[in-house]
Amino acid sequence: MASPRTITIVALSVALGLFFVFMGTIKLTPRLSRDAYNEMKRAYKSYVRALPMLKKMGVSSILLRKSIGALEVACGIVMTVVPGRPKDVANFLLLLLVLAVLFFHQLVGDPLKRYAHALVFGILLTCRLLIARQPEEQLPEKRILSVNGDEQPLIHEAAPEKGKMKVS
């Protein structure tokens, strides 16, 4: 049976991956929701206006929106279906992306309700990454010593817990 830690990581990976695939797709195409797509176009125009250095670097609102959307879709797919270390890399990239988006929202002065989802998913990405990076706890094995045909636990395992007296 899978450990609770493994179940948590898998559940968070799939849920976060699907969310970012969905959000990235909205940034790339109006097929899912024309209103949400138009809102994304408007928002990214305001982000580029608020950061003139992006214009100087040749980054248009379209390029910024499509780059972020493509990165969200790619990392979301990795988080959903690819096993192992690539999930942690995708998790980290999405966390950096969420921090950038939060910065953009603060820069243009958006109210909290406009970026609350980014805060929540940033926290979930952080939790998933922390859980995934913790080492798995392993239960100690019972070792048995055979003495004259009698099986006995090793001395350090047979000792009573500290503060408790063993009565025979």
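How many residues does helix 4 have, and how far does helix 4 reach from its first C-alpha to its last? I looked this up first. Helix 4 (residues 61-81) has 21 residues and reaches 30 Å, close to the 30 Å expected at 1.5 Å a residue. The expected span is 1.5 Å times one less than the number of residues.

Notes on the source. I am working from a predicted model, where local features need pLDDT of at least 70, side-chain atom pairs count only at pLDDT 80 or more, and totals for chains, interfaces and linings use all residues. Residues are numbered from 1 along each chain as its sequence is written, and side-chain values use heavy atoms, with hydrogens and water left out.

Overall layout. I found 7 helices and 2 strands, in the order α-α-α-α-α-α-β-β-α. Helices (H or I, at least four residues) and strands (E, at least two) are DSSP runs, numbered from the N terminus. Of the 168 residues, 32% count as buried. Buried means under 20% relative accessible area (1.4 Å probe, protein chains only).

Back to helix 4. I listed its buried residues; among them are Ser61, Leu64, Arg65, Ile68 and Glu72. An α-helix has 3.6 residues a turn, so residues three or four places apart point the same way. The buried residues of helix 4 pack against helix 1, helix 2, helix 3 (52-56), helix 5 and helix 6.

Ser61 and Tyr44. I checked Ser61, which has a relative accessible area of 14% and is therefore buried. Beyond four places in sequence, Ser61 touches Tyr44, Lys45 and Val48. Contact means heavy atoms within 4.5 Å. With the neighbours within four places set aside, Tyr44 is in contact with Lys27, Ser61, Leu64, Arg65, Ile68 and Val101.

The core. Tyr44 and Leu64 came up again here, among the residues with the most contacts inside the largest nonpolar core, which has 30 residues. Such a core is a set of buried Ala, Val, Leu, Ile, Met, Phe, Trp, Tyr and Cys residues joined through side-chain atoms within 4.5 Å. Helix 1, helix 2, helix 4, helix 5 and helix 6 each supply at least two residues of this core. Helix 5 gives the largest share, 8 residues.

Notes:
Buried means under 20% relative accessible area, exposed over 50%, partly exposed in between (1.4 Å probe, protein chains only).
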